[in-house]
Amino acid sequence: MNTDEVLGIFREAGAVLEGHFILTSGLRSPIFLQKARVFMHADKTERLCKALAEKIRKGVPGRIDYVVGPAIGGLIPAYETSRHLGIPAIWVEREGGEFRLRRFEIAKGSRVIIVEDIVTTGLSIRETIECLRELGAEVVAAACIIDRSAGKTDVGVPLVALAEYEVPAYPPDRLPPELAAIPAVKPGSRNI
Ligand SMILES: O=P(O)(O)OC[C@H]1O[C@H](OP(=O)(O)OP(=O)(O)O)[C@H](O)[C@@H]1O
Ligand SMILES: O=C(O)c1cc(=O)[nH]c(=O)[nH]1
Ligand SMILES: [Mg+2]
């Protein structure tokens, strides 16, 4: 599946939003990919995650014990991708602002892959890696449906992206005037 097909699925679902958005990193953007509007459709989610699982199989060598999804956005794609890989899916969720593996136990030395929905700065994946390494897991790779940095982000492990789509994002003190003129909204769950 190529980038145009992935973006086609997002557009068809009405998931490419235009406005003024506060991203989880604090950056501001005129475009927000509201993945929930894609993941509400099982058929669309299946197509995307089956393709992502194929890309992971081809690109990530060795055994993988678990797929880990960072909540909330990573929950559905991690689960669906794990179904196509034939391995269990678990998740990290925020407690006091930090990602924690609250509901599961994994053996030290477990080989895991993180599956995210969207990557912008890679901050959420780096936080997830930190949490998993503290538990003694080996993070063999990370994967996402759309990489908004188009390959520029370094998360410290290999990143498999189903699509790369470069979208502008600005620090809050360097907004272009047309963006500054629109009231900002924050769709994600960080700090809630
Ligand atoms: O690469 P980054 O700069 O970290 O941005 C991408 C992250 O932002 C979104 O999560 P968010 O924290 O907004 O909450 P959500 O998972 O509930 O949507 C998305 O699900 C990724 O986890
Ligand atoms: O960077 C983010 O927070 C982000 C961007 C995006 O397009 N979609 C999303 O869910 N999060
Ligand atoms: Mg998220």
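The following paragraphs lead through a predicted protein model and the surroundings of its two ligands.

Because the model is predicted, local features need a pLDDT of at least 70 and side-chain atom pairs count only at pLDDT 80 or more, while totals for chains, interfaces and linings use all residues. Residues are numbered from 1 along each chain as its sequence is written, chains are lettered from A and ligands numbered from 1 in the order in which they are written, and side-chain values use heavy atoms, with hydrogens and water left out.

Over residues 44–153 the chain is 35% helix and 31% strand, with 26 Å between the end C-alpha atoms; helices (H or I, at least four residues) and strands (E, at least two) are DSSP runs numbered from the N terminus.

Ligand 1 has 18 residues around it, of which K35, E116, T121, S124 and S189 come nearest; a residue counts as near if one of its heavy atoms lies within 4 Å of the molecule. By class this shell holds 5 nonpolar, 9 polar and 4 charged residues, where Ala, Val, Leu, Ile, Met, Phe, Trp, Tyr, Cys and Pro count as nonpolar, Asp, Glu, Lys and Arg as charged, and the others, Gly among them, as polar. Both β6 (111–119) and α5 (123–134) supply at least two residues of the shell, and β6 gives the largest share, 4 residues.

Around ligand 2 stand L23, T24, F32, L33, K35, I118, T120 and R148, a shell of 4 nonpolar, 2 polar and 2 charged residues. A polar backbone atom of T24 is 2.9 Å from an oxygen of ligand 2, whereas side-chain N or O atoms make the approach at K35, at 2.8 Å, and at R148, at 2.7 Å. Of the 290 Å² of accessible area that ligand 2 has on its own, the protein covers 92%.

Terms used
Polar contact = N/O pair within 3.5 Å; in protein donor to acceptor, adjacent residues only side chain to side chain. Areas by Shrake-Rupley, 256 points an atom, 1.4 Å probe, with all protein chains shown as cover.
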